[in-house]
Amino acid sequence: MTSFYGRLAVPMLGLCLGSTHLALAQSDALAPVRGQVTDAASSAPLPGAVVRWLGTADGATTTDAAGTFSLVRPARATNQLIINSLSYQPDTITLSGGTYVRIALRRSTELGEVKVEGRTPSYSALTPTNTQVITSRDLTKSACCNLAESFETNASVEVSTTDAVSGAKQIQLLGLDGAYSLMTVDNLPALRGLSTPYRLGYLSGTWIDGIDIIKGMGSVVSGYESISGQVNVRLKEPEKTDRLLFNAYVNDLGKFDLNLNVSAQASPKVSTALLLHTDHLGNRVDRNKDGFLDLPLATQYNLFNKWKYKSGKGIVSELGLGALRETRQGGQMDFRESTPGGYYGTTLTTNRYTGYSKTSYTWPGRPYQSVGLMLSGTSHAFDSQYGLRTYDGTQRTGLATLMFQSILGTTAHTYRLGVSYLHDDYREVLRQGFTYVNETPAQQYAREHRNRFERVPGAFAEYTYQNARNLTLVGGLRVDRHNLYGWVLTPRFNVKYDVTPTTILRGAAGRGFRVANPIAENAGMLVSSRAFVIDQNLRPERAWNVGGSFTQYFTLAGRQATFITDYYYTWFQNQVVADSYTEPSQLIITNLAPGGRSFSRSFQAEVQVEPVKGLQAKAAYKYLDVQTDYDGQLLPRPLTVPHRAFVNLGYASAFDKWRGDFTVQWYGQRPLAPHPGASGHQHGSGESTLPVAPRFALLNAQVTRAFKRIELYAGVENLTNYRQPNPIMGANQPFGPHFDAAMVWGPTYGRLTYAGLRFKIE
């Protein structure tokens, strides 16, 4: 299959580049018409104006943020353009020659200031990928103190707790762990590598303007690591966000969060935003009386400063700098880091620094042609302890991407070309508190230290065809040279076909490649008596993903509604398998056996309606079939829920004074790995002998009261106070052979109530 894509991509790219010469040789009659639409009174640009040819439905476009447009001239088109914009008088102009025009529209009526807020569809109708959008308004439907809580009212992404002691959380997309989803911040790869266990707590919810969830194969521009999809977090833009936003949150466990966003226009061309966050939990809580803290004591200080420069002459530059320090302490109630006293405890100290810059130049009069340089760097260092184990690590990452974008003759054919360079320096030390018989100091050092230095130069090309009516094709190919694993070929393909304006089909196929970080990605297993046994010759993971979606927009009671269903199949050519079935006292981390199988099948159906004005409802069902070969037997992945149902109701009164949200999440049975000291799964005895977690449901609710500049909110998570019985096995002997806090499938601390306020100056 790889060779097929490779043979297909090269002639396609050659054909596209060859067509450039042909298109440029044609007469001006086939060249696109470009121009700008402005306000006749103020000369300000008008974004979103519709420009189309008179007498034909074959050509139409909308103006961008600068009011500019580029419109393909179809065959046999007239010389007249029609221009429409909301609240402006439509105009028809006749082209007298040339390919660039300026149009000034007059307002239809002079109105006072009117603030209009519309509801954006959760599933984009424009993108070639299957993309779900979580807006800043959606983020206020739950406590949303950090990225982990941003997905509570979303059915596509699942958030789970890795263990019952450390408080770490992870996401799942298409049934695969979050490590297989590329996480980006403002479209730059971020929160990857050793930050995986706790990364969902590193971004405050108040910093986020929106989240784009892309299922399946995305763009080759973002790199080769995505396998199940991409989660892109869009931070607040300095020139668009509130001048001031203050958010305070407190819950009945004693945890509080404080957030402050401040933005300013430093000059007509320069804007900045300072984003501050701190949270603290200093209260020792043990509601289930097992002798362990229900949540770890934790303190975080986090800041991010963003600057943006717009020259007005095609240059846009952005700079971001961030710093974080976090400390955590979990374990038994009587554990103190300074005086452990024989009690079991976990500690973590993290220092993280990030920085990035993005600079682009757009050619005057050619809004479709630009060049951009993106640079980013991360320093992530932590020291941690899990009982007798210590796990320390540092990661230094640098990424540079240079990209050029333009068209092939007309705007129906666009392309992107670029080069990139990735620098990854990993240093990890895992000491498990024991040595093997006859193990030499050199062998012990090699077992405990995992150092990896990756240098990966690469190049990519992506071609997009859009016929301006109902078909979009995106084909991409990137080639990277990994200093440890040789050449990496990554083909990807996306197609969107609009059967009608309200019926959309999408398909996606492609390949992903990633180098696993086996300790960080299985950090939850450190909170157990399982010994980590790691193969010293782990190979990179390679997988294919194929799938598609069907989207139907319709009206119900005169209001917009959406139905979407999708299916994705992911299969691994090689995978780093964490086997907790074969020997319960060990976590055996090794390569997928030759000829072994590992795959994920994901099906989801969702409907979103507004049955009465102000009431938004969505319901979803998801089925997952995730299986891997463990010691020669195909078994389901532990803790993966095959069946899940989701319902969310949101109500907003007139003028948004009152808002209420209610969410139900139902989980079916899920397989569990045997606890340490148990007999383990008898290979060959079948899947039916696996222990399973019971079915249960979680109910969350929140109410918000809005005033002119202040919003007060209060809510309840886990309304029925459901708890997992005995989330920590062997809690009375945490240093014994039966201790296990890693098989967490439900809430550990029961009902949680919270309250907070938001104050903002727009």
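The largest nonpolar core holds 76 residues, and L147, F151, L203, I211, Y391, F532 and I728 have the most contacts inside it. A nonpolar core is a set of buried Ala, Val, Leu, Ile, Met, Phe, Trp, Tyr and Cys residues joined through side-chain atoms within 4.5 Å; buried means under 20% relative accessible area, exposed over 50%, and partly exposed in between (1.4 Å probe, protein chains only). The model is predicted, with local features needing pLDDT of at least 70 and side-chain atom pairs pLDDT 80 or more, while totals for chains, interfaces and linings use all residues. Residues are numbered from 1 along each chain, and side-chain values use heavy atoms, without hydrogens and water.

- Another core, apart from the largest one, has 16 residues, including W53, L71, L81 and I103.

**Aromatic rings**
- There are 23 aromatic pairs, counted for rings of Phe, Tyr and Trp (its six-membered ring) with centres within 6.5 Å; planes under 30 degrees apart are stacked, over 60 edge-to-face and the rest tilted.
- W207 and F304 form a tilted pair, with ring centres 6.5 Å apart and planes at 40 degrees.
- W207 and F304 are 97 residues apart, and both are buried.
- F292, Y344, F735 and F739 are linked into a cluster by ring pairs.

**Positive phi**
- D631, not a glycine, has a positive phi of about 50 degrees and is exposed at 57% relative accessibility.
- N721 also has a positive phi, near 65 degrees, and is partly exposed, with a relative accessible area of 28%.

Definitions and conventions
Helix = DSSP H or I, 4+ residues; strand = E, 2+ residues; numbered from the N terminus.
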